[in-house]
Amino acid sequence: MALQCARYPLGSCGTPTHGSLLLLLLSLSWVLHSRAQTADTGQGVMSLWLQRTSQDLSWQRPELTVILRRALRGTEKKACPPGREVHVVDEDLIFYKEWELEACVDGALLAKQMDRVNALPFTYQQLNIFKQKLDQLYPQGYPESLIQSLSYFFLEVTPENIHKWNVTSLETVKSLLKVSKGRKVDAQVAALIARYVVVGGQLDKATLDMLSSFHPAYLCSLSPEQLSSVQQDVVWAIRPQDLDTCRPLQMDVLYPKAHIAFQNMSGSEYFARIKPFLGGASTEDLRALIRQNISMDMATFKKLRKEALLRPSLGPSTSLDLDLRSWL
């Protein structure tokens, strides 16, 4: 009897154990957590551990062995089947299973034949696999030659991808804006404009007109001169967070546009609209707000132009519901 009991170290003799079930749950949890790492390290330690665990549990709970073996199969990288190697992007790829695309398609081929990728009706899942291939091929960012040919594939990339790019061609910017129109890719558009401007790119009036159809999250990437050409109606769509990275000279341009746009409002309604733009307000406009007994929070107050607050016309003891001298 003692020898029989020794075979069941996790529970009582002859009865199913909770310990083995707990071990299964912990094992599966670890499998899910580790699958992302498996793509880089191959089977390695994880697969060997699963194999050993499956063998150890086989004499206790056969059903556990089945589940763990299925998990093991999920960690194995499948090879491209004979005759399924991809040498050209064509209609046949549409009928490939997702695992076949992962195993058989080369990122360099996708980059070379991006025009074919855009011409064929691939599913979102298939396009996502292609994007992963390109991300693996270009971990430091897509080369400009590929960016120029992205066309509709631009809709698949993320702002994080775009912030790695080097964009120097205005024609490339225009072509990507064209395919983005009417799509919910405002963050990607803002990142694209930022990458173009950061290398010294200049936006012409035609491009600025195209940008007016997107949410203005890109404004702080524009120079004061470029902001002067932005249509006045754009200020109605601006959210406070869109101006978080704007510099004082940019706010000097945006505030007058907002002041004119909201001038027919009054009281609290006007202040709610103009509040994000007050970093460009003049001394006279601040004094007008004081006369309306407007209450201002500290975050907004700290964004005001220091030069405007120091003007003698405000008076040494004037406040915007806060003590100016405590901040100056």
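A: Let us begin with a term: two residues are in contact when heavy atoms of theirs lie within 4.5 Å. The model before us is predicted.

Q: Which residues does lysine 131 touch, when residues up to four places away in sequence are not counted?

A: Lysine 131 touches Tyr142, Phe153, Glu156, Val157, Thr158 and Asn161 on that count. Lysine 131 lies in helix α8.

Q: Is lysine 131 buried or exposed?

A: A residue counts as buried under 20% relative accessible area. Lysine 131 has 11% relative accessibility and therefore counts as buried.

Q: Which other residues of α8 are buried, and against which helices do the buried residues pack?

A: Besides Lys131, the buried residues of α8 are Gln126, Leu127, Ile129, Phe130, Lys133 and Leu134. The buried residues of α8 pack against α5 (98–104), α6 (107–112), α7 (114–119), α9 (144–147) and α10 (159–162).

Q: How is the length of α8 to be judged?

A: The span is set against the one expected at 1.5 Å a residue. Helix α8 covers residues 124–137, 14 residues, and reaches 20 Å from its first C-alpha to its last, close to the 20 Å expected.

Q: What is the overall make-up of the protein, and what percentage of its residues count as buried?

A: The secondary structure comes to 19 helices and zero strands. Of the 328 residues, 39% count as buried. Among contacts between residues at least 6 apart in sequence, 60% join residues at least 24 apart.

Q: How is a pair of packed helices described, and what is found for α11 and α12?

A: Two packed helices are described by the angle between their axes and the distance between the axes. Helix α11 (residues 170–180) and α12 pack at an angle of about 175 degrees, with their axes 11 Å apart. The two helices are therefore roughly antiparallel to each other. At their meeting place, Leu170, Val173, Leu176, Leu177 and Ser180 of α11 meet Val189, Leu192, Ile193 and Tyr196 of α12.

Q: How many residues of α11 are buried?

A: Eight of the 11 residues of α11 are buried, so this helix is largely enclosed by the rest of the structure. Among them are Thr172, Lys174 and Val179. The buried residues of α11 pack against α9 and α13 (205–211) as well as α12.

Q: What are the surroundings of leucine 176?

A: Leucine 176 lies in α11 and, at 0% relative accessibility, counts as buried. Its contacts, leaving aside neighbours within four places in sequence, are Ile147, Leu150, Ser151, Phe154, Trp165 and Leu192. The C-alpha atoms of leucine 176 and leucine 192 are separated by 8.8 Å, and the two residues are 16 apart along the chain.

Q: What should be noted about the backbone of serine 151?

A: Most residues other than glycine have a negative phi, and most peptide bonds are trans. Serine 151 has a phi near 50 degrees, a positive value in a residue other than glycine. Its place is in the loop between α9 and α10, and serine 151 is partly exposed, with a relative accessible area of 27%.

Q: Where is glycine 182 found, and is it buried or exposed?

A: Glycine 182 is found in the loop between α11 and α12. At 76% relative accessibility, glycine 182 counts as exposed. Glycine 182 and phenylalanine 214 are 32 residues apart in sequence, and their C-alpha atoms are 8.1 Å apart in space.

Q: Which residues touch the most other members of the largest nonpolar core?

A: In soluble globular proteins, nonpolar side chains tend to be buried together. Here the largest nonpolar core has 78 residues, of which Trp165 and Phe277 touch the most other members. Helix α12 (residues 186–198) supplies the largest share of this core, seven residues. Leaving aside neighbours within four places in sequence, tryptophan 165 is in contact with Gly141, Tyr142, Ile147, Leu150, Phe154, Val157, Leu176 and Arg195.

Technical notes: Residues numbered from 1 in each chain as written. Predicted model: local features only at pLDDT ≥ 70, side-chain atom pairs only at ≥ 80, totals over all residues. Heavy atoms only, no water. Core = buried A, V, L, I, M, F, W, Y, C linked by side-chain atoms within 4.5 Å. Buried < 20%, exposed > 50% of the residue type's maximum accessible area, 1.4 Å probe, protein only. Helix = DSSP H or I, 4+ residues; strand = E, 2+ residues; numbered from the N terminus. Expected span 1.5 Å × (residues − 1). Axes fitted to C-alpha atoms, helices over the stretch in contact; angles between N-to-C directions. Parallel < 35°, antiparallel > 145°, perpendicular 65-115°, else oblique.
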